[in-house]
Structures are given as C-alpha cells and as structure tokens.
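Biologist: Please put the model up, and I will ask about it piece by piece.

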Amino acid sequence: MNRNIKLIVAYDGTDFCGWQRQDGEKTRTVQGVIENALEKMHGKQINLTGSGRTDSGVHAEGQAANFYTDIDTIPADRFSPALNSLLPHDVRILDACEVDSDFHARFSAKARVYRYQFLHSPNGNLLPTEMRYNLPLNRYPRLDTLNAYGRLLFGETDCTIFASASDSSIMAGKSPNRYIYRSYFYIEKDRLIFEICANAFLRNMVRSVAGTFLHYEESGTSPQKLAEIIASSERSLAGPTLPPQGLFLWKVEY
C-alpha cells in the first residue's frame, strides 16, 4: 500500500515563477523542481500537492505538501535528505513524515500564516542581499494605528476590496469571505513584521492588505474610516499591491 508523505518545504522564491507547476511551459516552479526530484527517486512521475500557491517572488519558511510513494525501503524521515541531495540550493525539505492516507496538504489545512518583512531605509535603498527578503520603508509608521487596522479584519470578513482583478475564484462567483484569526504588526530587531493568519487567502490578498494598511496609515486615515472603506468592497479604494520579495508563507496549521 502506498504511503502518504508530508513535507515541510522552505524556498527562496526570487528565481521561481511561483509554486504551481505550469504544464507544457518551461517555467521554473517550486512544485516542478520537487516533482522532478521525486521522479528521479521513483523512476516515474509523482504528483505533489501543496497547501496553496505562492506567486512569483514569494518565499516560504513552512510550505506544506504531500505525495504518495510506493517505495517501502526508505523511512519517511529520510525523504528529507534524499530529496535535498537532488534539489537546487534555493529549495530545502525541512521535514518529512508519514501521515494518514486521507491527509491532503490543501484541504486538510485549517489556517495559513504569512509574514511580510519591511526594513527601514530612509533613501529607499537596501543592500542587494536585503532586497531579496525585505521591502524598504522610508519612514517609521505608527504601530498603534496599523494594529487598529489589523483588528478590523478579525473573524469572517468580506475581502473583496483586497482581491486581485484576475482572481479566478472571484471571477467564478465564489465567496470572497475569509476567516481571519489574527492580523498585526510588530518590530523584530531592525524589521517591521506584518503577520496575518487566515483559513485561506484570495490571490495577492496579503500584498494588498499590507499595502492598503500602510497607504492609509501614511495619510492619517482613522480606523473607523478604513472600516467603511473595507466594507464598501470597492477595489479602487484599496492601497497599492506591494511587491512580493518581502513576503513569506510562514507556516500551515493543521
């Protein structure tokens, strides 16, 4: 009987066209390079299921994925070093374990946690190594205001205002509501961190939420007024969708 193996995956998303394999295209994706490594191990194509997609340039510290294997000679935890020996340097398998046969990395997930990293840079410039993993901020925003904004999203929220115009789920008429467990900003060493946890996210939603909060904080908008703007569901009122390089899929909760 095939075993179901769960992986915890970290990657630098800079040189990837996102997580999802692009069938028939010669684009480099995280799912694609891991499936290539699995194919080398198994001698046949193996399908890998991720907890969700990340866009081009978005990183991960704790993406979750699973696959089924008919190899019974490798202990589950040894898939981690075995795969790492076949993977490029910008993808690492942090952990591997056997899970129940009905475990599904996407549908079994209860919540996803994303983190955005910002680094203060008065002139807007960061070192090249810093630019891969942080967005520059030319000022110090007010944490109390940002966190008051964050509390507006708690619970089940209509997130239409934060949706990408190209989000296929919205275009198909699916609900834009998401259940948000936490959404807050804090200082960690010399970085401003935005963390948000929800049952699921719309396409580009985290980038839009962070951009909207920083935009309206800079303009001095009150939390009460921003609540009205969010409730309007008018996408034109959202702030800018931020670039991807400071964004991490931090972990998936089951």
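Predicted model: local features only at pLDDT ≥ 70, side-chain atom pairs only at ≥ 80, totals over all residues.

Biologist: What share of the contacts with a separation of 6 or more comes from residues 24 or more positions apart?

Modeller: As background, 50% of the 254 residues count as buried. Contact here means heavy atoms within 4.5 Å. Residues 24 or more positions apart account for a share of 72%.

Biologist: How far apart do the centres of the positive and negative side chains lie?

Modeller: There are 28 positive side chains and 29 negative ones. The centres of the two sets are separated by 1 Å.

Biologist: Is the ring pair of Phe103 and Tyr254 stacked, edge-to-face or tilted?

Modeller: The structure holds 13 aromatic pairs, this one among them. The ring centres of Phe103 and Tyr254 are 5.0 Å apart. Planes under 30 degrees apart would be stacked and over 60 edge-to-face. The planes here are at 55°, so the pair is tilted.

Biologist: Where do Phe103 and Tyr254 sit, and how many residues apart are they?

Modeller: Phe103 is in the loop between β4 (91–99) and β5 (111–120), and Tyr254 is in the segment after β10. The pair thus links distant parts of the chain, and the separation is 151 residues.

Biologist: What kind of pair do Tyr114 and Phe201 make?

Modeller: Tyr114 lies in strand β5 and Phe201 in the loop between β9 and α6, so the pair ties together parts 87 residues apart in sequence. Both residues are buried. Their ring centres are 5.2 Å apart and their planes are at 85°, so the pair is edge-to-face.

Biologist: Which residues do ring pairs link into a cluster?

Modeller: One member, Tyr149, is also among the buried residues of helix α4 (residues 143–151). The cluster consists of Tyr149, Phe185, Phe194 and Phe213.

Biologist: Which elements are included in what covers the buried residues of α4?

Modeller: The buried residues of α4 are Thr145, Leu146, Asn147, Ala148, Tyr149 and Gly150. Their cover includes β8 (177–188), β9, α6 and α7.

Biologist: How far from Asn204 is Leu242 in space, C-alpha to C-alpha?

Modeller: Asn204 is in the loop between β9 (191–198) and α6 (205–218), and has a positive phi of about 65° although it is not a glycine. Leu242 is in the loop between α7 and β10, and at a relative accessible area of 13% it is buried. Beyond four places in sequence, the contacts of Leu242 include Tyr116, Phe118 and Arg207. Leu242 and Asn204 are 38 residues apart in sequence, and in space the distance is 8.9 Å.

Biologist: What is the phi of Ser233?

Modeller: Ser233 is in the loop between α7 (223–232) and β10 (247–253). At 23% relative accessibility, Ser233 counts as partly exposed. Ser233 is not a glycine, yet its phi is positive, at about 60°.

Biologist: Is Cys197 buried or exposed?

Modeller: Cys197 is in strand β9. Leaving out residues up to four places away, Cys197 touches Ala111, Arg112, Val113, Tyr179, Ile180, Tyr181, Arg182 and Glu253. Its relative accessibility is 1%, so Cys197 counts as buried.

Biologist: Which residues does Ser80 touch, not counting those up to four places away in sequence?

Modeller: Ser80 is in helix α2 (residues 79–84). At 9% relative accessibility, Ser80 counts as buried. The residues touched are Ile93, Leu94, Asp95 and Ala96.

Methods. Residues numbered from 1 in each chain as written. Heavy atoms only, no water. Helix = DSSP H or I, 4+ residues; strand = E, 2+ residues; numbered from the N terminus. Buried < 20%, exposed > 50% of the residue type's maximum accessible area, 1.4 Å probe, protein only. Lys, Arg positive; Asp, Glu negative; His and termini not counted. Charge placed at Lys NZ, Arg CZ, Asp CG, Glu CD. Phe/Tyr/Trp six-rings, centres within 6.5 Å; stacked < 30°, edge-to-face > 60°.
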